[in-house]
Amino acid sequence: MLTQIEAGVYGVGDTLPSSRSLAEELGVSRTTVTTAFDQLISEGYVQVQQGRKATVASAGRLSQVTPSDRSAIAARQLSAYATRTMAQPSNSTAGKPQLKFDFRYGDVAAVDFPKTPWRKALNTAFLMHRDRLGYDDPAGSRSLREALQSYVWRSRGISCNLGQILVVNGSQQALDLCARVLVNPGDGVVVEDPCYAMAKNVMLAVGANTVAVPCGAHGMDTTKLPEAGDIAVAYVTPSHQFPLGGVLPAAHRQALMEWAASANTYVIEDDYDGEYRYDVGPIPPLYLSGQGRVIYVGTVSKTLSPTLRLGYIVLPHPLVEAFVHCKQIADRHTSTFEQEALAALIETGAYERHVRKMRRLNAERRAVFLASMTRAFADDIEIVGTTAGLHVVVWFNTMRSKDEERFADTARNHDVGIYPVTRLFSSPTDERAGYIFGYASMSVDQLAKGVEKLHCVYLDRVGNAEPLRGTAGDNGKFLMVR
């Protein structure tokens, strides 16, 4: 009925069918139709008078507004921020079919989540005596900030005051707050090249002009930093560059901080997977040598689950008040019950025991994945970024970067998810096809089988069993052809 009114089938003042006739026509109970009529009346689409049939009210006449008109109105109502945000590609996988072998980076295995300890901690938080339920401190619950204060000292050597810690809804909100507090439209923001897409996108959304600094085997090339000028902030992943995996050497760290001082700017240090080190010792955070210019961002997404949306920032003193105010405007505060549960996990030592367990399990996954890839592809690939984290980048020596998306689509059609790396570059420097492989969300058996399946796709043996053959291309490199 509403659709017909909006479409103009029933015009203003037109008499509507009776509830009895509609019920018979539609094959539903009269009560159902009467309820629908009552809703239309309450919303102003239909009017009734004593002793007369229902008619279409003037307020219900929407037929003059066409779909194209509505689109134009919506477009005019979008802010510049929304327009810039809509221009960025979405990284959401919601609604997409689940793959049997998905090497998506950022995901962790559901079986690894500490269900029993977390349930106990959450129950404790729910049962805790409270005089009232109200809005909490926008900076975060005191118990969690105290627990985090001790944790970052034990795990990362960071000494800070309680007031410097801000609890956020995951590292993404941390980056969003950094952008809103520190960046004006038109400001320059230094980012890595390649860069974590969601970090770059949040800067573009506020109208920043991103300045991409190339990264290599040792992270950001600090000799390519722009001259001190109108730079609002720099975003780096110095302990495990995303996605290439390089570790920023001490000399480059010093150069970065000297540049930040000369540019009178702040540096955002995203320590997204600092708990995972395999072939190297713990890497000291940039924050330790930051001279009050480093904003340290941490998260539990890689240790517990990205579904929890829990992270934290360690702020330089001059920024605390502004960040807390902006956090309060954004969402009042992060969910108190989850904060209290995480605090309990950290205070009892359960969180760090879980981290040690995850480090061991993911080291096993990493070893199986690397061995499987090396055995299957041999000299056809180069793997980088293997010493830390939960992902690696694999370069295929026999494919060009222009073939990345096509090969990824082919793999997806065979239930294998792989993700091109070139899309993360502002200026790709490698002509080869490359992919980011996450290995933390599958069992060792799944990893081995997933690599085997991918190798079959690579050889083009799924279906017609005819392998791709290499032919020399430009610069002596190989192209994949039929």
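Pro-238 is buried, at 4% relative accessible area (buried is under 20%, exposed over 50% and partly exposed in between, with a 1.4 Å probe and protein chains only). The model is a predicted one, so to speak: local features need pLDDT of at least 70 and side-chain atom pairs count only at pLDDT 80 or more, while totals for chains, interfaces and linings use all residues. Residues are numbered from 1 along each chain as its sequence is written, and side-chain values use heavy atoms, with hydrogens and water left out.

As for its place in the chain, Pro-238 sits in the loop between strand E8 (231–236) and helix H10 (250–263); helices (H or I, at least four residues) and strands (E, at least two) are DSSP runs, numbered from the N terminus. Leaving aside residues up to four places away in sequence, Pro-238 touches Gly-246, Val-247, Leu-248, Arg-253, Glu-269 and Leu-286, a contact being heavy atoms within 4.5 Å. Ala-109 is another matter: 129 residues separate Pro-238 and Ala-109 in sequence, and 26 Å separate their C-alpha atoms in space.

Now to the rings. Rings of Phe, Tyr and Trp (its six-membered ring) pair if their centres lie within 6.5 Å, and planes under 30 degrees apart count as stacked, over 60 as edge-to-face and the rest as tilted. By this rule there are 19 aromatic pairs. One of them is Tyr-105 with Phe-242, a tilted pair at 5.5 Å centre to centre and 50° between the planes. This pair links distant parts of the chain, 137 residues apart: Tyr-105 is in the loop between strand E3 (101–102) and helix H6 (115–127), and Phe-242 in the loop between E8 and H10. Tyr-105 is partly exposed at 24% relative accessibility, whereas Phe-242 is buried at 6%.

Phe-242 also pairs with Tyr-196: the ring centres are 5.7 Å apart and the planes at 85°, so this pair is edge-to-face. Here too distant parts of the chain are linked, with Tyr-196 in the loop between strand E5 (188–193) and helix H9 (197–205), 46 residues from Phe-242. Tyr-196 is partly exposed, at 25%. Ring pairs join Tyr-105, Tyr-196, Phe-242, Tyr-272 and Tyr-419 into a cluster.

Charges turn up over rings as well (NZ of Lys or CZ of Arg within 6 Å of the ring centre and within 35 degrees of the ring normal). Arg-104 lies over the face of Tyr-419, 5.7 Å from the ring centre. The charged end of Arg-332 sits over the ring of Tyr-135, at 3.9 Å from its centre.
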